[in-house]
Amino acid sequence: MVPCFSAPAKVNLMLRVVGRRPDGYHLLKTVMTFFPWQDRLTFLPGGDTIQLACHPPVTRRPEENLVYRAAASLCRACGIRRGVNISLEKTIPDGAGLGGGSSDAATTLLALNRLWHLDLALTDLLPIGLALGADVPIFLGGQAALAEGVGELLTPLPNLPLVHLVVVHPGVGLSTQKVFGLFAGQLTNRASPISIPSACRGEDVFGDLENDLESVAVDLAPVVGQALSALRGAGASAARMSGSGTAVFGVFASLQEAAIAAQGLAERFPGWRVVHGATRNAHPFAAEWERYMRSDRAG
């Protein structure tokens, strides 16, 4: 069996910007969980070079892709030279606030750590991942979490209530740097925008909580506001933007209601990508690795 693993999207159920470091990086408090909109990666270890084929391409050169950089970073961190052929099938849109590139990088680190028999602990992988991007640690951690700092300080939330979402990408992307750059002029420090207990009370997650970057993203890309309004019009009990945008999500009472709303939105806005599903508190890698090992032993 060829080793093939998922790289799921993440959604920020809430996001607050609470400060800024001297180096310019913003400090966050955000609740993140996984969503079954996912890329797929296939790994064939062998040789002494890293080869990457991405479909469709998202960078001008494979060496610029976070997947390639993750594999190369793992080699450097361990002082080794290993080879692998990687195939990346992209479905998560770029510049959407869904963490697609970061998720791809994390799955690469998790998979190659096992396939190359490196046996690094999570504490060893986390700094490698953080150097690649602030969203990589949440995917390495493997659980829904409250993320603080620039995203590296994780408090797992394994009992975060699962919710039914319709996630909409309105066909445009935004630069994270541009969104944060515009937001910087509006920043005011907040003492405690969310506590872990309130994040665990289900509907409270969507009551008073917001994404501080949402208004900036709407100013830069008004279609984000249109998508939020469309979700509310389709019956969502709450609608928020994920990350720094441009993807937005609506909360529905059941998977059936989410499916009906998703179908209606896809028909009304054929240029949008609309996906519905239930959030997941666990990354699929552990289960997929176990299935791979069982099939490998059986074969």
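The model is predicted. Helices α2 and α3 pack with their axes 10 Å apart. The largest pocket has a volume of about 1,200 Å³, and the largest cavity has one of about 30 Å³.

**Helix pair α2 and α3**

- Helix α2 spans residues 100-115, and helix α3 spans residues 122-132.
- The two helices pack at an angle of about 150 degrees. Angles over 145 degrees count as roughly antiparallel, so α2 is roughly antiparallel to α3.
- Their crossing is right-handed.
- From α2, the contact uses A105, L109, L110 and N113. From α3, it uses L125, I128, G129 and L132.
- By class, these contact residues are 6 nonpolar and 2 polar, with no charged ones.

**Largest pocket**

- The largest pocket is lined by 49 residues. The closest to its centre are S102, A134, D135, T176 and Q177.
- Strands β1 (4-20) and β2 (26-45) each supply at least two lining residues. So do helices α1 (66-78), α2, α3 and α5 (176-184).
- The pocket lining has 19 nonpolar, 20 polar and 10 charged residues.

**Largest cavity**

- The count comes to 1 cavity of 30 Å³ or more.
- The lining of the largest cavity consists of P8, F34, F35, P36, Q38, R280, A282 and P284.
- Strand β2 gives the most to this lining, with 4 residues.
- The cavity lining has 6 nonpolar residues, 1 polar and 1 charged.

Technical notes: Residues numbered from 1 in each chain as written. Predicted model: local features only at pLDDT ≥ 70, side-chain atom pairs only at ≥ 80, totals over all residues. Heavy atoms only, no water. Axes fitted to C-alpha atoms, helices over the stretch in contact; angles between N-to-C directions. Parallel < 35°, antiparallel > 145°, perpendicular 65-115°, else oblique. Left-handed = near helix turned anticlockwise from the far one by under 90°. Contact = heavy atoms within 4.5 Å. Nonpolar A, V, L, I, M, F, W, Y, C, P; charged D, E, K, R; others polar. 1 Å grid on protein atoms, 1.4 Å probe; cavity = no way out; pocket = protein on both sides within 12 Å on 5 of 7 lines; lining within 4 Å. Points joined across faces, edges and corners; volume = space filled by probe spheres on them.
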